[in-house]
Amino acid sequence: MPSASEAIAERLASGGAVRIAGAGTKANWGRPVDGLDPLPTAALDRVVAHEPGDFTAVLEAGVRLADAQAEFARAGQMLALDPPGDGATIGGVVAAADAGPLRHRYGTPRDVVIGVALALPDGTVARSGGRVIKNVAGYDLPKLACGSFGTLGVITEVCVRLHPRPQRTATAILRHDDPDRLQEIALDLSHRPLEAEALDVRWEGGQGALLARFAGAAAAERARAVASEVDADDEGLWAAQRDGQRGELVVRVSALPADLARVLRAAREHDASAVGRAGVGTIWLSLPAGAGAPDVLALRDRLAPRPCVVSDAPAAVRAAIDPWDVPEGPALELMRRVKARFDPHGTCNPGLFAGGI
Amino acid sequence: MAAAELAPLVARLRAAVGDAHVVTHRHQLRTYESDGLLQYAVTPGAVVLPGSADEVRAVVRACFEAGVPFVARGAGSGLSGGALPVAGGVVIALSRMRRILEVDLPNQRVVVEPGVTNLEVSRAVAPTHFYPPDPSSQVVCTIGGNVAENAGGAHCLKYGFTTTYVTGAEAVLSDGTAVSLGGAEADRPGYDLLGTLVGSEGTLAVVTRVTLRVVPVPESIRTLVAFFATPQAAGEAVSAIVSAGVVPGAIEMMDNLAIRAAEPVAHAGFPLDAGAALLVELDGSRAEVERRFADVERFCAAAGAGEVRVARHEAERARFWKARKAAFAAMGRIAHAYLVQDGVIPRTRLPEVLARIQSLAGEYGLRVANVFHAGDGNLHPLVCYDAPEDAARAAELSARILDACLEAGGSITGEHGVGHDKKAHMPKQFAEADLAAFQKLRCAFDPHGLANPGKVMPTPRLCGEVPGRYRPHPLEEAGLAERF
Amino acid sequence: MALDSGEVRELLDDCVHCGFCLPTCPTYGLWDEEMDSPRGRIVLIRTLEDGESSPELVEHLDRCLGCMACVTACPSGVRYDLLVNHARAEIERRHERGRLERLQRRAIFALFPHPRRLRALVPLLPIAHRVHPLAPRKPPRTPPLPALTPASGERRATVGFLQGCVQRAFFPHVNRATVEVLAAEGYEVHAPAAPECCGSLELHTGEADAAQRRARETEAAFAGVELIVTNAAGCGSGLKEDAALAPRVRDATELLASAPPRAERRPVPLRVAYHDACHLAHAQAIREQPRELLRAIPQLELLEPEGWEQCCGSAGIYNITKPRAAAELGRQKAQWLLATGAEAIAAANPGCTLQIQAHLRKLGRPLPVYHPLELLHRSIAG
């Protein structure tokens, strides 16, 4: 009786090209590709293991992140990933390398995934990493899986490291409408050893704010040391930050902290709202109704050389321009070579990714 | 390769880097035979020391055109034989490339050449910032080597590993092509090839430039060392600390044998009769650290600590750490020879695996000192032996300890890498399909099998289609390798 | 003190190849090659011990400064000092040097260990440093040392003072100051003319037989005293390598710091950067004592230069046999010392003093270089 992973591998080896489906929360990302058979992963819904003493857990890829978090919370733990989209599966989150405000302190999926099982188009299931947090045996294929958008195989199982779940939180709020001032404060905060859970920027309707979230018994005290405006009931604030990463036409800018003012001015210019990790430099610009491909190209031009990736967008926009902003060159060539080794016949999500992969 | 066959390549290497930076005399070559593992020694055909990325490209291109494999080497301080030369091959020593190219403190980035030492990075951004991955050899090990091994260090449970802090790298592929992976920015689109490069042990490319992330020095650092009658008791303190949700900056354990070796070197005042020393360091916001530190002191006392010593100032903290970091090399003082092992287990399995190690040591009649990262289950058993004839048994005991780690659900290496030393163990941890996937990655980068061949993978494997004229590999001709 | 093959191999086996010595080795810092690091040199010494040799091998060992910074850094306690001495002696026994090299070595050993011959050069010194940058200044006229200087107050011990070769000829005022300070601190000082040289220069360059002869001369000269005191780091280090002499040998700062001071210290308002001589700091692990003595001088501000562990490049005769490498190290050292903003330098070894003086001069900042005992003398004598 083959395991769920093996069954998927068999399907990949025997059938034609597929579009891998989790909860469908990111179905409108990447280049639009038609005519692919859907490959659902909903059957991979088990929490295989949760070892609270080791702060690790093994999840099948179809487990919804929210359900996993509920399980971990019972032991006072959490998976330190808070991307938008309550329905997303862990496999989808990892394949898209999606992340939310906790990224500031805990990183993206590559920083919390310690092992992966990948069903490959040659019919095998390849496991890499392991179930221990510290591990350098073999090649770091879990990193490769993160952000690969299902183009190298189907993630069937993920082993993650967990963190203690903060009991108490409080958020310091600093409001300014001047992008330069916001950048100045953001840089100052990111250089202070605050150990904030999150350090975000919000920009909407020409008004800006920096949000610094603290956790722990002294959360409110630490927030007050940063700003006079403190919200101790801050769930809503951060839900809004996550929501700001989704929209009709969203461009994610991979910038540096000292680019913040520039990015916010670009947002202002295009009438976009923005949320993002002010201490990291990753900012999502949500463009208004009526915006289209020319706006994306203008943004890329203005913010070069920072990559500007289109995530949520109408198919027409994603067909008109390359959503990925990965330039031609040796690095992209190398990516094509990796694709050729793992998926020589283009079985998994072909055409979806950068460089036509 | 015999010296005469290598002569044309050597001439090209000399043209690329200058006569003074190509080493061919057999006495000089001997000094490059080993890295930090003296039990493996292989004489290379030539050692070349490029001074720039352009020279690295020219050197690799020359090796590619001659079909000669190469091994990149940093400080040669690695503990898995990763920099062990290929017999008659070329060693590319990156020690001359040791400039810090850029310090961008506002964006918290440092750009370095691969020969810069780990400690130099922290020094470059001191006193406000530091570079967290801190292997014990940080005074000598290079960033290039850290990238190859995905080096960890004592602070990695809280802070992460080298791969957490590398945002970009420029590297040379085995055919001499330069490639830039990642960049200064985080969260870039495309495959995370940079993530696969880190920890690839020099088998995918030669790194010529690295962009590193640095972070602010914590507001407060509090360090204590607690002494227990047994490692088991110390382990209970660790469990209590971790279960309470405390994430220490570092939590390290040394057993009695390790203490006795390290104390005369470090003069940290560790009692020579303590069964175990537990070094706990908390760092972070002052308010949280003070609160958690009191908790830690309580947990240690509750687990039966005979003495809890709190570092009163930086000099004392430095001495505590010196005792821990000098422990490996100091073992030479109490044993004629020893093997350093590196295995990982889930932290909760620590007591049973420690007991198993003790029982195995008894079975073999050899002493095993234990130094380890108690928070993440990364063990460093030091298998001691005195008579040269015991070397083989010590190696066997060392291997059985690794088996015990695997049986407990762990890994054969937490930070030292697979290299040459552990490749035979790879099939115990990974199934054939897993190894095949590793090979797919390796072949995508290096289809010609020139970059540090003979490391990581248990048996030599070839890569299938190789662009250009087909040349049967000598191993294939000899019937010793499968075409993959 | 010669080691047999078994002993040498045991010492070689102590090295675990960890590489902690690499960042402290000045020649590794200059050339980045394994062969010019302590770890690499240990492999070469093993090769020598296996009966092999080559001009390349000899050159890399010749390039070793003998500074012992690696001994300080080594966590495994490798006795690199013993190994390199043994290797140098082996090389002199077995290796045929080139004619020019042999001539140079013969000239050096015909001159330096002979204070009378050195003194003959003193009248030439005012112009000598136009010919050679390392030449010292003409020393101030100093009355000869009395054979016996009684202790002031209750006698703590009888000590024999080693006058040295270079020190005696070019820095007689330092010897005078040393004897007077020792006497003021309660030591009865015997200052025989013999030996004319302690033999350290020869010991550290592989002239094992000559070094042995001088060690025995030293033993004979100081047969009747409790302790043998020297104010030259190189001499103290060499003498401590002789099993018979070692228990009685003290550096002057080591001795003076070992007991509470007697004579009153008067102010010497001066900003002084302390230079650690390798043969004091690494070879003898004497780092705190000279600093303690200087800090006890009122109004003397002691400054710590960057790179204290790194050799100045003097290293015995190194700055004569390997002038380019020595010059680079001398420049670095002089820059670090100047960067402290000091008005003067304190150095406890005549070789270091000559090297530092030469390089400060080259940088256009010829600050005075004093021996710590000179400063102490000034403080006591007023």
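This talk goes through the chain contacts, some helix packing and a few backbone details of one predicted model.

First, the ground rules. Because this is a predicted model, local features need pLDDT of at least 70 and side-chain atom pairs count only at pLDDT 80 or more, while totals for chains, interfaces and linings use all residues. Residues are numbered from 1 along each chain as its sequence is written, chains are lettered from A and ligands numbered from 1 in the order in which they are written, and side-chain values use heavy atoms, with hydrogens and water left out.

Let me start with the chains. Contact means heavy atoms within 4.5 Å. Two pairs of chains are in contact, and chains A and B share the most contacts. Chain A and chain C are not joined by any contact; their closest C-alpha atoms lie 21 Å apart.

Now the A and B interface. Chain A puts 74 residues into the contact and chain B puts in 89 residues. The size of an interface is often given as the accessible area lost when the parts come together. Buried area here is the accessible area, taken with a 1.4 Å probe, that two parts lose on being put together, summed over both. For chain A and chain B that is about 6000 Å², with 60% of it on carbon and sulfur atoms. On the chain A side, A:K134, A:Y139 and A:R341 lose the most area to chain B, together 17% of what that side buries.

A:K134 comes up again under salt bridges. A salt bridge is a side-chain nitrogen of Lys or Arg within 4 Å of a carboxyl oxygen of Asp or Glu. The side chain of A:K134 makes one with B:E415, at 2.9 Å from N to O. Across the interface of chain A and chain B there are eight salt bridges.

What does chain B give to its contact with chain C? It gives 32 residues, and chain C gives 30 residues. The area buried between chain B and chain C is about 2500 Å², and carbon and sulfur atoms give 55% of that. Four salt bridges are counted between these chains. B:R26 and C:E52 meet in a salt bridge at 3.2 Å, N to O.

Over all chains, the search finds 91 salt bridges. Within chain A, the side chains of A:K26 and A:D98 meet in a salt bridge at 3.8 Å, N to O. A:K26 is in the loop between strand 1 and strand 2 of chain A, and A:D98 is in the loop between helix 3 and helix 4, so the pair ties together parts that are 72 residues apart in sequence. Helices (H or I, at least four residues) and strands (E, at least two) are DSSP runs, numbered from the N terminus.

Next, helix packing. Axes are lines fitted to C-alpha atoms, for helices over the stretch in contact, and angles run from 0 to 180 degrees between N-to-C directions.

Helix 10 of chain A, residues 260-269, packs on helix 11 of chain A, residues 293-303, at an angle of about 155 degrees, with axes 11 Å apart. That makes helix 10 of chain A roughly antiparallel to helix 11 of chain A. The cut-offs are under 35 degrees for roughly parallel, over 145 for roughly antiparallel, 65 to 115 for roughly perpendicular, and oblique for the rest. From helix 10 of chain A, the residues A:R262, A:V263, A:R265, A:A266 and A:E269 meet A:L299, A:R302 and A:L303 of helix 11 of chain A.

Chain C has a pair to set beside that. Helix 11 of chain C, residues 172-184, and helix 21 of chain C, residues 372-381, pack at about 55 degrees, with their axes 8 Å apart. That makes helix 11 of chain C oblique to helix 21 of chain C. Residues in the contact include C:V174 and C:A177 of helix 11 of chain C and C:L376 and C:I380 of helix 21 of chain C.

Last, the backbone. Which peptide bond ending at A:P305 is cis? The one from A:A304, with omega near 5 degrees. A:P305 is in the loop between helix 11 and strand 17 of chain A. In chain C, the bond from C:A194 to C:P195 is cis too, with omega near -5 degrees. C:P195 sits in the loop between strand 3 and helix 12 of chain C. Finally, A:D325 is a residue other than glycine with a positive phi, near 55 degrees. A:D325 is in the loop between helix 12 and helix 13 of chain A.
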